[in-house]
Amino acid sequence: LTPKVTVVSRPKTQVAAGAMHMMNIDGDSLGIVYGTLTQGTRDTAFTVGAGYAYARYEDNGAPVVMLGGEHRVHRPIKLVTENYVFEGGAVASAGVRFMTGRLSADLGLASPLGLDEVFVFPMVNFVWTFR
């Protein structure tokens with residue numbers, strides 16, 4: 001469940017706020033509340049975000065910073081990156097976004113930074129836009 005509300009929208013600047021909350025069958029849960037600022041056009045844009053991550057039954061949350069970008073390489077295709085920095089680490093990601101009508105799909109790879117060993121994991125994201 002990822003509600004997001006666009007607060008300000010101008011031709012080249014967009015400000016949004018949202019929350020993402022996840023839980024599993026055991027009742028454990030975690031999430032993040034965040035705000036973002038995107039500058040650019042539909043073809044090329046840069047996004048910076050800040051948020052606060054939390055976990056159920058934990059007293060200490062943590063701030064998170066996101067830096068991202070996207071660049072259209074073909075009408076329905078963009079190259080995208082989202083990179084997160086948080087206390088004790090970071091995650092870098094890059095991928096391709098396929099867009100058609102109200103549906104977009106991201107296929108990418110992500111890797112934690114600052115660890116002794118390097119590993120990469122796949123990321124898949126689907127977004128349906130209600131209009």
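Is Ser111 buried or exposed? Ser111 comes out as buried, because its relative accessibility is 14%. Buried means under 20% relative accessible area, exposed means over 50%, and partly exposed is in between, using a 1.4 Å probe and protein chains only.

Quick note before we go on: this is a predicted model, where local features need pLDDT of at least 70, side-chain atom pairs count only at pLDDT 80 or more, and totals for chains, interfaces and linings use all residues. Residues are numbered from 1 along each chain as its sequence is written, and side-chain values use heavy atoms, with hydrogens and water left out.

Okay, back to Ser111, which sits in strand β8, residues 103–113. (Strands are DSSP runs of E, at least two residues, numbered from the N terminus.) Its side chain reaches the backbone oxygen of Phe119 at 2.9 Å. Leaving out residues up to four places away in sequence, Ser111 also touches several others, including Ala90, Val118 and Phe121; contact here means heavy atoms within 4.5 Å.

Now, those two Phe residues. Searching the whole structure turns up one aromatic pair. That's Phe119 with Phe121, tilted, 6.4 Å centre to centre and 35 degrees between the planes. (Rings of Phe, Tyr and Trp, its six-membered ring, pair if their centres lie within 6.5 Å; planes under 30 degrees apart are stacked, over 60 edge-to-face, the rest tilted.) Phe119 is partly exposed at 38%, and Phe121 is partly exposed at 31%.

Last stop: Thr47, over in strand β4, residues 44–55. Thr47 is buried, since its relative accessibility is 15%. Thanks, everyone!

How values were computed. Helix = DSSP H or I, 4+ residues; strand = E, 2+ residues; numbered from the N terminus. Polar contact = N/O pair within 3.5 Å; in protein donor to acceptor, adjacent residues only side chain to side chain.
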